[in-house]
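Visitor: I am new to this structure, and I would like to learn how to read its features one at a time. Could you guide me through it?

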Amino acid sequence: MSTRDKNEGIVKKKKILYKIPGGGYNTIVTYNRKDAGKMNNNSKQNSRANLYVTLLVILMMIAVVVAIAGAVVRNVNTDAAETTKPASRVEETTKSDAADDALAEGSDKSSELAEKDGETKEDSSADTTVRVDGEAEEILPPFVNPTGGKVVQNYSMDVPVFSATMNDYRTHKGVDISVGAGESIHAAADGVIQEIWDDPMMGKCLSIAHAGGGVSTYANLHAELPAGIAAGTSVKAGDIIAAAGESALVEVAQEPHLHFELQINGTSVNPADYIDFSSAAEQYEG
């Protein structure tokens, strides 16, 4: 029933017709060996493709599993590190608290020693010096109003003030304190009389050196000074050092007063910053 191709020598496909009862024909198709081989090859190729796809899917699943496992391990390590950090901070805090307690204990012991020393030594607050870098430095003594009167002309080195005598505006290096002519002038603080001189404009002047670099100057004094008042004489706050006069030509148009200046370490300062003049009957503004 088969036919052979002379060139290929294999069976080709063949159509067989047979009659169907009731009429008509049906066709049966057969394939030769070559077509059957091609079908087998296609089947094998499809199987390989399916295998490759399956392997690829499996590899992708393995990669996903490995990635998930790595993420889990990293999270576990991070949580472990965060869990151990507070312990370190607690340890540091404990050490810090221990150090603070030690310092506090040392401070308490120092206080106890200071109290014990205080039983045998004099109170250091009575000393008129302070320590700076291990060296003794004197401090200013307290100052008092040298006349007890009111201020009639304020200190003004930044803004010129009017001078009734000179009829112009000029700076004022001290304060003018009211006092009756011939009334007593008192030392403003403890110290040593440094100099006494006659100034052509400010009249009879006297200066006192004080501890802490302070120097007080008294001008417009009476020409005659009390007995014993001379350069080098030690005085106490409130001691009488002169009498009020009218010797300052540059301020002669004003009412009787004491022209008072104060310097600290060679720098002019406002005496009102160191002396309370509020106890006087009245204090005038410039």
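Predicted model: local features only at pLDDT ≥ 70, side-chain atom pairs only at ≥ 80, totals over all residues.

Visitor: Which strand is joined to E11 by 7 bridges?

Guide: That is strand E10 (residues 191-199), which runs antiparallel to E11; a hairpin of 3 residues connects E10 to E11, and Ile193 has Ile208 in E11 as its bridge partner.

Visitor: How should I picture the side chains of a strand, and why is E11 described as largely enclosed?

Guide: In a regular strand the side chains alternate between the two faces of the sheet. As for E11 (residues 203-210), 7 of its 8 residues are buried, so the rest of the structure largely encloses this strand.

Visitor: Is Val66 buried or exposed?

Guide: A residue counts as exposed when its relative accessible area is over 50%, and Val66 counts as exposed because its relative accessibility is 53%. Val66 lies in helix H1 (residues 33-120), and together with Leu51, Tyr52, Leu55, Ile58, Leu59 and Ile62 it forms a nonpolar patch on the surface, with about 700 Å² of accessible area.

Visitor: How many helices and strands does the protein chain have?

Guide: The protein chain has 1 helix and 16 strands, and 25% of its 286 residues count as buried.

Notes. Residues numbered from 1 in each chain as written. Heavy atoms only, no water. Patch = residues over 30% accessible without salt bridge, like charges linked within 9 Å, V, L, I, M, F, W, Y side chains within 5 Å. Areas by Shrake-Rupley, 256 points an atom, 1.4 Å probe, with all protein chains shown as cover. Salt bridge = Lys/Arg side-chain N within 4 Å of Asp/Glu carboxyl O. Helix = DSSP H or I, 4+ residues; strand = E, 2+ residues; numbered from the N terminus. Buried < 20%, exposed > 50% of the residue type's maximum accessible area, 1.4 Å probe, protein only. Pairing = 2+ DSSP bridges.
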